[in-house]
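Please find below a colleague's note, arranged as numbered points.

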Amino acid sequence: MLSSSLVQQLRAELAGATILTPGQDGYEDSLKRWSETAEKRAGAVAQVTTAEEIAIAIKFARQHHIEQVIRGGGHGTNGASSSDGGIVIDLSKMNRVTVDPENLTITAEGGCLWKDVDEAAGDYGLAAVGGTVNHTGIGGLTLGGGYGYLTGRHGLVIDNLLKVKLVNADSEIVTASAEEHSDLFWALRGAGASFGAVVEFTYRAHLQREPVWAGMAAFSLDKLAPIVKFANDFALSANPDASFNFGFTTPPHAPGPMLVTLGFYNGLGKDGKKIFAPLFAAGPAFQNFGPMPYCKVNGLLEESAGHGGRKVIGGAACAVPFAPEFYEEIKQDLLSFIKEVPAAKESLLVFELVHHGKVQEVDGSATAFANRGPYYNAVCMTKWTDPKDDDKCRNFTFRLKEKVSEHLIKTSAVNPESIGKYLNYNDLTDGRSDNMFGSHDEKLVALKLKYDPSNVFNKWGAVTAAAVEKNHGYNTMNLKPRQIAVE
């Protein structure tokens, strides 16, 4: 933990920020994260409100060799937004959204959640390409690439990112865009938070028709074959205005595991009903499809993907045609695991069918994002309650996501330029960037050494470990607070 003299000095230098330390009102709440596995006991939490305050906090941490981390939405499961004994720079009070309806832009501060952006844009009949859970922070999702309901029509979140304002490792406030620091802007679009603390994102806005047609439907597990058939037919239709998720979990208030689906159509209800008619023909036990404002779609998963509990996420990729026998096999894997760990019944495995044509229109070298292939994302989220089950649940998640990945390799022609992994769904990586960025790895390491040679931003994965090993000959991913190398 930080000494009282260091805390006093930090408060003096950050007079405009709220500094929370152990024992103070608000400190315990400030440690809360989407997953309890990501919570750590910070030495101090600095709730900042300006880029200048962030710059001061970063400089202070470097001067005193204290670990610093950035907290945006706190939605990851790998603990990257938390610190054991260091300083958490908490952006949650930086949640202002500015909409420019004339120039079709949306500018949002780094502590915003997607709910903030969705609602502000909706007031003007606009939308940004965002995530699929509205309490996710915009920062992590954007910097990792960003898939959402509008991706089929407009591409990834990063394909609609116009510029960012960030604080760099030297505590300078800089703008990165296609015109300014273009190499840094390239790295930020897909390589995450290894290059600075982004305090402001400017997105391209799109005119958004209202209402859209969406909802969820749950089926008994014996309906797997018709659901997989619908998924195959849906994927082959290649409709850029529709998306479909299917998978396995125990829905809220359900007595046991079910086959769950979520559908979205960015258009009239009569057309959406035609698209999803074969799905309804399978006989759902529950469904709530209907017209709704676009800003409400991102709230459909709010309960099932809510805060609380211990969680870990592992991601993979899948491709058509989906083989019913394989999905039957992984269904049984999940059911067997839940039988072994009953408290993990809310765990889920979901396959996300968002049309990837627009994503593939962007050349693979245009951004650091390395997953522009003809694939769909699969996400395994294991959720449990007892820390004694941590290793068991993590191991199961890793095995299941690897099984899905291996199935893709066996059954599909893998694009060598695309890794078949989505960074935001891979909290179980081994810490090496060549696993997450493919052919972009060498360029990213060079940019890391250019913009952050001392590895100040060392918490979110992969670029950092390879870069620092190359520069210093050791891996700071394993260092403790107050042992971080600072030059």
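1. Helix α9, residues 269–281, comprises 13 residues and spans 17 Å between its first and last C-alpha, close to the expected 18 Å (1.5 Å times one less than the number of residues). Helices are DSSP runs of H or I of at least four residues, and strands are runs of E of at least two, numbered from the N terminus. This is a predicted model: local features require pLDDT of at least 70 and side-chain atom pairs pLDDT 80 or more, whereas totals for chains, interfaces and linings use all residues. Residues are numbered from 1 along each chain as its sequence is written, and side-chain values use heavy atoms, without hydrogens and water.

2. α9 bends by about 50 degrees at I275, with the proline P278 following within four residues; the bend is the angle between axes fitted to the seven residues ending there and the seven starting there. Just after α9, G283 adopts a positive phi of about 80 degrees.

3. G272, F276 and L279 are the buried residues of α9 (under 20% relative accessible area, 1.4 Å probe, protein chains only). Their cover includes β12 (212–219), α8 (224–237), β13 (242–249) and β14 (258–265), contact meaning heavy atoms within 4.5 Å.

4. S177 belongs to strand β9, residues 173–177, and counts as buried because its relative accessibility is 3%. A polar atom of the S177 side chain lies 3.2 Å from the backbone nitrogen of E179. Leaving aside residues up to four places away in sequence, S177 touches L162, K163, S182 and F185.

Definitions and conventions. Buried means under 20% relative accessible area, exposed over 50%, partly exposed in between (1.4 Å probe, protein chains only). A polar contact is a pair of N or O atoms within 3.5 Å; within protein, one must be able to donate a hydrogen and the other to accept it, and residues adjacent in sequence count only if both atoms are side-chain atoms.
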